[in-house]
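User: I'm new to this one, could you walk me through it?

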Amino acid sequence: MRIDTRTTDGITVLDIHGRITIGEGSVEMRNKLRELLQAGKKDILLNLGDVSYVDSSGIGELVSCYTTVTNQGGRLKLLHLTKKVQELLAITKLLTVFESYEDEKKAIGSFK
Amino acid sequence: MDAELLTRFRYDDYDLKPLGDVTQRTNSAQKGEIEISFASELRYLDIIQVVSDSITRMLNFDDDTRYWVGMSVRESVTNAILHGNKMDEGKRVWVRFDLSPDRLVIYVRDQGAGFDESKLPNPLDPRNLLRPSGRGIFYIRTFMDDVRYSVLAEGGMEVRMEKRLNNKLKSDQEGEANAN
């Protein structure tokens, strides 16, 4: 897994590449979030468009990211969910928890 | 040991070719059994998933079904390694695929103490929605047609997961009906 960080209109966008599975990616994501929150960057958009595979641990990791950010008074939203990730979130009623977008401009605008 | 992946193929009259069209598949008497065993290390997950994908491809499952069966196998093996065998590399996990004309049955067995499935928290309960874990078995139950857990008399836990081919036939027929 690789995480690229960029900022658009003051919102931190994390482009996630690769897999979010058991033993893969969780440390990177947690470290990155901790680093951002410590720097006061609390509005975060996770771009999952280039994520190739997510298992139940990966879904749990997304939930952990969400709670970590919201507990710090921040907002974490999702961008470009693949069909499979969308199904996994829907089955476990997590689409009601996460705010997700298909369009990056709309996603960025939603933080305003 | 790196190469401690033992693969055992036991065929009756199984033919390693796509089973052809639905009628041919349903009427054929082909069956086979494939068993793999390995030490409790997460790095073997990808190998098991490749085997699962190959088998479901051979059985002509559609792409979505293959994906979800593969994920169910992966989740079950993860549970066996992590929760069953507690990552003890001295303990093994067995995965067996039973191929028959009308269904694929997959068994995943570990050497752990087992658990009472009825005591697992419901991941859909609003109080559990934000828990970071506890969704694997729920996903398996969603994607497979029949799932049973049993504590084995000789020790260890086994999950039996079944995916029926006639369900695919049914969905194919519905798809065709919708297309008409």
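**Chain A and a helix pair**

Analyst: Chain A has a radius of gyration of 13 Å, which agrees with the value near 13 Å for a compact globule of 112 residues (taken over C-alpha atoms, the rule being 2.2 Å times the number of residues to the power 0.38). This is a predicted model, where local features need pLDDT of at least 70 and side-chain atom pairs count only at pLDDT 80 or more, while totals for chains, interfaces and linings use all residues. Residues are numbered from 1 along each chain as its sequence is written, and chains are lettered from A and ligands numbered from 1 in the order in which they are written.

User: How many helices and strands are in chain A?

Analyst: Chain A holds four helices and five strands, in the order β-β-α-β-α-β-α-β-α along the sequence (DSSP runs numbered from the N terminus, helices being H or I of at least four residues and strands E of at least two).

User: Ok, and A:D43, is that buried or exposed?

Analyst: A:D43, which is found in strand β3 (residues 43-54) of chain A, is buried because 20 other C-beta atoms lie within 10 Å (buried takes 20 or more within 10 Å, exposed 12 or fewer, partly exposed in between, with C-beta atoms placed from the backbone).

User: What does A:D43 touch?

Analyst: Not counting residues up to four places away in sequence, A:D43 touches A:I11, A:T12, A:G74, A:R75 and A:F111 (contact puts C-beta atoms, placed from the backbone, within 7 Å).

Conventions: Two residues are in contact if their C-beta atoms, placed from the backbone, lie within 7 Å.
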